[in-house]
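Dear colleague,

Please find below the sequence and structure that I am handing over to you.

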Amino acid sequence: MSGGGASAAGAASRLSSGADPDPAEVAWFAALCDDDYEYLGVTDPALQSSWEHCGDIVLAADRNGFDNILLPSGYTLGIDATAFAAGIAPRTERIRLLLAVRMGELWIPQLARQIATVDRMLGGRLTVNIISSDIPGETLDSAPRYRRTLEWMQVLRSLLDGDSVEFHGEFVDLELDPPRVRTVSGRCPPFYFGGFSEAAKDTAAEAADVFLTWPDTVAGVAATVADMQARAARRGRVLRYGLRSHMIVRETSREARAAAARLVSRLDDDVGSAIRRRSLDSASAGVRRQAELRGLSDSEGYVEANLWTGIGRARSGAGAAIVGDPDEVIAKLNEYRRAGISAFILSGYPHLEECDRVGSLVLSRLSHAPLASARPD
């Protein structure tokens, strides 16, 4: 993979000029990790992750024309993402599945077989979200954990590309031919990967296809894209860039801001803190940045126009939402696109209802296309 991304100056020029951005991939979020609420922090059994509820979200996203949908992965929370992907695959028509897999939880050859099999079931519509996390029951410092993740990504890509492996690393020691089962394309699906520590960014620059960032100001996202472009270019690589964000869209701006306020109207701060702590990545650099944004926000939780940080009061990961009427939301998305974002992973509470709103009020008016159908060469 070679080439270079647009320069930081080029991204800034597009941002300031207001030029039309290229089409983006727009994905939704299937709440497999018990992350669905009507009132944030107030558990509703009907919204907890289950085969039925999460299946309804995926089918709604498919029906509404989303290009992809993230199937998140956790150990203590929710249901298994890989088993769910295999079950839902035959029920989908056009949407891609972005399957989250945690490096180290399953031995690489078996993981390669699972990914290839699910991709066959989808007719080639699988993408992969690489998660660098501790193995349940074990703790590894950040730097060696990312070294382990890099080795896993390299070996997994080789097996899915159909190559024999002779790899003797710090964490992987393997000599093996690839499995017979292959993806539809015969190649490894695109790897989506996010992280904000130096080790995470270097791992992404070395081995990812799409670098994912969490909500930030437009200038903050542009700076992240420029940083990652430079890191990838030093390795002779080019990445795509994605933004993971929540959405609250209503017919009017006033209604959208009222919906945001309603979402957190029953949130107990102690409950919110407990939700933030329960994630395996609750102390990561990305989580710290989300907390910083909340500290910079105004009295209603807005850190800049239409970017609301209130969701981060009860979420360890992506902790902000784009809030507004359809024109405001589309304008905000286009600002991010001009800053270098070509893929969005969106979500909203409750996920099924907000999927329909975003589909009818935003997606139908937004230029989008599944850009990550193949790895960039």
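**Overview of the chain**

Of the 377 residues in the chain, 56% are buried. Please bear in mind that the model is a predicted one. The chain holds twelve helices and 13 strands. When contacts between residues at least 6 apart in sequence are considered, 77% of them join residues at least 24 apart.

**Helix α4 and its packing against α5**

Helix α4 covers residues 108-121. Its 14 residues should span 20 Å at 1.5 Å a residue, and the C-alpha atoms at its ends are 20 Å apart, so the two values agree. The buried residues of this helix are Ile108, Pro109, Leu111, Ala112, Ile115, Ala116, Val118 and Asp119. Which elements do the buried residues of α4 pack against? They pack against α3 (81-88), β3 (96-102), β4 (126-131), α5 and β6 (173-176). Just after the helix comes Gly123, with a positive phi of about 70°.

Two packed helices are described by the angle between their axes and the distance between the axes. Helix α4 and helix α5 (residues 142-160) pack at an angle of about 50°, and their axes are 9 Å apart. On the α4 side the contact is made by Ile108, Pro109, Leu111, Ala112, Ile115 and Ala116, and on the α5 side by Trp152, Val155, Leu156, Leu159 and Leu160. The crossing of α4 past α5 is right-handed.

**Arg145 in helix α5**

Helix α5 also contains Arg145. Is Arg145 buried or exposed? With a relative accessible area of 15%, Arg145 is buried, since the cut-off for a buried residue is under 20%. The side chain of Arg145 reaches the backbone oxygen of Ser132 at 2.6 Å. Leaving aside residues up to four places away in sequence, Arg145 touches Ser132, Ser133, Asp134 and Leu140.

Phe193 belongs to strand β7, which covers residues 191-194. The relative accessible area of Phe193 is 0%, so this residue is buried. Thr203 comes ten residues from Phe193 along the chain, and the C-alpha atoms of the two are separated by 8.9 Å.

A further helix pair is formed by α6 (residues 198-207) and α7 (residues 218-234), which pack at an angle of about 55° with their axes 8 Å apart. The two helices are therefore oblique to each other. Helix α6 passes α7 in a right-handed crossing. Glu198, Lys201, Asp202, Ala204 and Ala205 of α6 meet Asp227, Met228, Arg231 and Ala232 of α7.

**Helix α11**

Helix α11 runs over residues 326-338 and has 13 residues. From its first C-alpha to its last it reaches 18 Å, close to the 18 Å expected at 1.5 Å a residue. Which residue caps the N-terminal end of α11? Asp325 does so, with a side-chain oxygen 3.1 Å from the backbone nitrogen of Asp327. Within the helix, Pro326, Val329, Ile330, Lys332, Leu333, Asn334, Tyr336, Arg337 and Arg338 are buried. Gly340 follows α11 and has a positive phi, near 115°.

**Backbone details in the loops**

- Asp34 lies in the loop between β1 (25-29) and α2 (51-63). Its phi is near 55°, a positive value in a residue other than glycine.
- Asn306 is placed in the loop between β10 (302-304) and β11 (307-308). Although Asn306 is not a glycine, it has a positive phi of about 65°. Asn306 is buried, with a relative accessible area of 18%.
- Pro350 is found in the loop between β13 (343-347) and α12 (351-361). The peptide bond that leads from Tyr349 to Pro350 is cis, with omega near -20°.

With kind regards

Notes
Residues are numbered from 1 along each chain as its sequence is written. This is a predicted model: local features need pLDDT of at least 70, side-chain atom pairs count only at pLDDT 80 or more; totals for chains, interfaces and linings use all residues. Side-chain values use heavy atoms; hydrogens and water are left out. Helices (H or I, at least four residues) and strands (E, at least two) are DSSP runs, numbered from the N terminus. The expected span of a helix is 1.5 Å times one less than its number of residues. Buried means under 20% relative accessible area, exposed over 50%, partly exposed in between (1.4 Å probe, protein chains only). A polar contact is a pair of N or O atoms within 3.5 Å; within protein, one must be able to donate a hydrogen and the other to accept it, and residues adjacent in sequence count only if both atoms are side-chain atoms. Axes are lines fitted to C-alpha atoms, for helices over the stretch in contact, and angles run from 0 to 180 degrees between N-to-C directions. A crossing is left-handed if the near helix is turned anticlockwise from the far one by less than a right angle, and right-handed if clockwise. Contact means heavy atoms within 4.5 Å. Angles under 35 degrees count as roughly parallel, over 145 as roughly antiparallel, 65 to 115 as roughly perpendicular and the rest as oblique.
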